Amino acid sequence: MATLTVTAPAKLNLTLDVLGRREDGYHEMKMVMQSVSLADELTLTTGPGEGLELSSDLGFLPLDGRNLAAAAALRLQEETGAEWGRLCIELRKRVPVCAGMAGGSSDAAAVLRGLNELCCLGLSLKELARIGERVGSDVPYCVLGGTALAQGRGEKITPLPALPECWAVLAKPGFPVSTPELFARLDGRKTRCHPDAEGMIRALEEGDLPGAARRMFNVFEEILPPRMGNRVGELKGELLRHGALGASMSGTGPTVFGLFQREEEGRAAAEGMKELCREVYLVRTL
């Protein structure tokens, strides 16, 4: 029997742009992504026997192939022919579910990295990312992590200079967001603003944290239903009032975040945000 515990960091979208619908039905994306310290924890155990058992401390999560952690293990075995006997995955969730922070995709990436190490498969991170592409569009980025430009469906990853170390305050409103509905609303909109991704990249190259924070933008914010859009705008405004260098929404939402240069500033802002939002987190960029 062999056991390994791995972490699955959440991601934030510093920029998110949708360039158009592709012939294969997916959308062409351009995103600058950032890993943060809020992370799930997965314990992988292999032993005699066969099959896969997934358990979680959240009772409503699926525990079969619909869960990306299980899907990643099955895909890795299919792609490599690796044999590890019986596999048990114990998932402890810390990243909010359906929050726009790639929690499920990061779990999948952690399983790929963990099984590669536990079973001595010898695959590179790029090889694991290619396998992860067949599990979910965000999985390749989550395998590599850090600060990166994601293009295509999200699977084409270009590492970028690291965002200068800073703190982020995350606030997750209490409403769900339908990703397919947002893409449909975006497809029906003829004109829209686009983030300055190239300016973001220049700011990263120059180590300019305020410049990067000023360029944060997510096209999905513009097409949220009015009630949701107003709530996201309210939370962004409150983060800025508390001194955030910039604020934006991550993924298809609903999580809103603001960047702070110093931990004490972020901690004070997080306390203030708790008056408006039940789920608030103070995290460090990785």
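Phe220 touches Leu16, Val18, Leu182, Phe183, Leu186, Met249, Gly251 and Thr252, leaving aside residues up to four places away in sequence; contact here means heavy atoms within 4.5 Å. The model is a predicted one, in which local features need pLDDT of at least 70 and side-chain atom pairs count only at pLDDT 80 or more, while totals for chains, interfaces and linings use all residues. Residues are numbered from 1 along each chain as its sequence is written, and side-chain values use heavy atoms, without hydrogens and water.

Phe220 also belongs, with Leu42 and Val111, to the residues with the most contacts inside the largest nonpolar core, which has 67 residues. Such a core is a set of buried Ala, Val, Leu, Ile, Met, Phe, Trp, Tyr and Cys residues joined through side-chain atoms within 4.5 Å, where buried means under 20% relative accessible area with a 1.4 Å probe, protein chains only. Helix α2 (residues 103-118) supplies the largest share of this core, seven residues. Another core, of 26 residues, lies apart from it and includes Leu204, Leu209, Met216 and Phe257.

The strands can be followed next. Four of them form an open sheet in the order β8-β9-β6-β10, with antiparallel pairing; helices (H or I, at least four residues) and strands (E, at least two) are DSSP runs numbered from the N terminus, and two strands pair if DSSP finds at least two bridges between them. At the edges stand β8 (246-249) and β10 (279-284), each pairing on one side only. Antiparallel β8 and β9 (residues 256-260) are joined by four bridges, and Gly246 has Leu259 as its bridge partner in β9.

Helix α8 (residues 226-241) lies across β6 (167-172), β8 and β9, running at about 15° to β9; axes are lines fitted to C-alpha atoms, for helices over the stretch in contact, and angles run from 0 to 180 degrees between N-to-C directions.

Methods
Buried < 20%, exposed > 50% of the residue type's maximum accessible area, 1.4 Å probe, protein only.
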